[in-house]
Amino acid sequence: MAEKQKKTYQKPEATKEELRKMLLETNEKLALANERLIRQEKERTEFFANLSHDLRSSLSVIAGGVELLRTEPDLSPENAELLKSLSARTAFMKRLIEDLFFLAKMDSRTDIVSLQEIDLRAFLEEYMISLSADSRFSDRPLTLDIPEGIPETVQLDPELTIRVLDNLFSNAWKYSPAGTEIALQVQEKEGRLLLCVSDSGEGIAPSELLRIFERTYRSRRERSPEDESSGLGLSIVKSIVESYGGSVWAESEVGKGSTFYLTLPEQDRKDEASRETSEK
Ligand code: ADP
């Protein structure tokens, strides 16, 4: 029997000089790829900004025309109905464009969040007053609960926080019946401050609870013709909260209601220390 000859082939070891050269080449390629990505991202943002501007201005013209026609004294009931529905559609498209643009901006920029020292109690009280002036909430008891002992001043981005709260309160209003309470609460858990918005509405099935924050989530519910929301409300909430390293989640029971929780930005340890000293 012929004897088998076994040969081993091994990659020749690269010399230090060759390794250094390879590393330099890879670094150069990475730097180029990075530059290209930054340029593409910038182009994408500019493209969205221009697109959004063009769409918004065209829509404003259409919406203006529709509203003007609606003031015509001799409108037939059919035309009045048609114009009402056109008005709702344009409002929906305006909202959709704004929300899409906002999400694109959040995706492409890291400098959106601007944290400021804010008196939390005064900020939330002012927010609740502004809500109570909104006619949608005229038949809803609105409550605010801030426990004693939480930091007086916190760091947050007031504009973005208002946007988050607006979306959560709009949902609470939409998905709960007239006369039921909508509550805003501050909680402190494991050194982190939470804002919680609760309603006593229809609730959310456990299988939907995680998915409702996804951009691609489509509610199976029929939209009412007056519903101007884009369906991106919770994606925007998630995107804002995550942009400062926070998290958002919901707890819910079908038929009983829902609570949405979000963490505020991590507060400076310096403040914590001074608070502890002043509490002693
Ligand atoms: P939209 O309300 O326009 O559909 P959102 O992103 O704000 O879009 O919400 C996604 C889905 O989450 C809603 O369609 C609804 O099914 C569910 N949802 C959100 N908030 C609530 C709530 N407070 N109570 C019940 N369901 C809710």
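# Reading a ligand shell and its surroundings

Modeller: Start with Leu-96, which lies in helix α2, residues 77-108. Keep in mind throughout that this model is predicted.

Biologist: Is Leu-96 buried, partly exposed or exposed?

Modeller: Read the relative accessible area. Buried means under 20%, exposed means over 50%, and partly exposed is in between. Leu-96 has 26%, so Leu-96 is partly exposed.

Biologist: Which residues does Leu-96 touch, beyond those up to four places away in sequence?

Modeller: Leu-96 touches Ser-230 and Leu-232. Phe-92 is also found in helix α2. Leaving aside neighbours within four places, Phe-92 is in contact with Asp-227, Glu-228, Ser-229 and Ser-230.

Biologist: How do I read sequence separation against distance in space?

Modeller: Leu-96 and Leu-75 are 21 residues apart in sequence and 29 Å apart in space, C-alpha to C-alpha. Glu-266 and Gly-245 are also 21 residues apart in sequence, but 7.9 Å apart in space. For Phe-92 and Leu-19, the values are 73 residues and 58 Å.

Biologist: Where is Glu-266 placed?

Modeller: Glu-266 is in the loop between β7 and α6, and α6 spans 269-279. With a relative accessibility of 55%, Glu-266 counts as exposed. Beyond its sequence neighbours within four places, Glu-266 is in contact with Gln-155 and Arg-192.

Biologist: Now the ligand. How many residues surround it, and which are the closest?

Modeller: The shell has 18 residues. The closest are Asn-171, Lys-174, Tyr-175, Asp-199 and Leu-234.

Biologist: What is the distance from the Asn-171 side chain to an oxygen atom of the ligand?

Modeller: An N or O atom of the Asn-171 side chain is 2.9 Å from a ligand oxygen. For Lys-174, the distance from a side-chain N or O atom to a ligand oxygen is 2.8 Å. Asp-199 places a polar side-chain atom 2.8 Å from a ligand nitrogen. As for cover, the protein hides 95% of the 530 Å² of accessible area that the ligand has on its own.

Biologist: Which elements give two or more residues to the shell?

Modeller: They are α4 (158-174), α5 (233-243) and β7 (257-263). By class, the shell has seven nonpolar, seven polar and four charged residues.

Biologist: Which residues are buried in α5?

Modeller: Leu-234, Ser-235, Ile-236, Val-237, Ser-239, Ile-240 and Val-241 are buried there. Their cover includes α2, α4, β6 (248-253) and β7. After α5 comes Gly-245, with a positive phi near 80°.

Biologist: How should I read a positive phi?

Modeller: Most residues other than glycine have a negative phi. Here, Glu-190 has a positive phi near 50°. Glu-190 lies in the loop between β4 (182-189) and β5 (192-199). Glu-190 is exposed, at 84% relative accessible area.

Biologist: Back to the third shell element. Is Thr-259 buried or exposed?

Modeller: Thr-259 is found in strand β7. Its relative accessible area is 16%, so Thr-259 is buried. The Thr-259 side chain makes a polar contact of 3.1 Å with the side chain of Ser-198. Beyond neighbours within four places, the contacts of Thr-259 include Cys-196, Val-197 and Trp-249.

Biologist: And how do I read a nonpolar core?

Modeller: In soluble globular proteins, nonpolar side chains tend to be buried together. In this model, the largest nonpolar core has 45 residues. Those with the most contacts inside it are Leu-124, Phe-169 and Leu-262.

Biologist: Which residues does Leu-262 touch, not counting those up to four places away in sequence?

Modeller: Leu-262 touches Val-164, Leu-168, Leu-193, Leu-194, Leu-195, Val-241, Tyr-244, Ser-247 and Val-248. Two names return here: Leu-195 is also in contact with Thr-161, and Val-241 is one of the buried residues of α5.

Key. Residues are numbered from 1 along each chain as its sequence is written. This is a predicted model: local features need pLDDT of at least 70, side-chain atom pairs count only at pLDDT 80 or more; totals for chains, interfaces and linings use all residues. Side-chain values use heavy atoms; hydrogens and water are left out. A residue is near a molecule or strand if one of its heavy atoms lies within 4 Å of it. A polar contact is a pair of N or O atoms within 3.5 Å; within protein, one must be able to donate a hydrogen and the other to accept it, and residues adjacent in sequence count only if both atoms are side-chain atoms. Accessible areas come from the Shrake-Rupley method with a 1.4 Å probe; for residues, only the protein chains shown count as cover. Helices (H or I, at least four residues) and strands (E, at least two) are DSSP runs, numbered from the N terminus. Ala, Val, Leu, Ile, Met, Phe, Trp, Tyr, Cys and Pro count as nonpolar, Asp, Glu, Lys and Arg as charged, and the others, Gly among them, as polar. Buried means under 20% relative accessible area, exposed over 50%, partly exposed in between (1.4 Å probe, protein chains only). Contact means heavy atoms within 4.5 Å. A nonpolar core is a set of buried Ala, Val, Leu, Ile, Met, Phe, Trp, Tyr and Cys residues joined through side-chain atoms within 4.5 Å.
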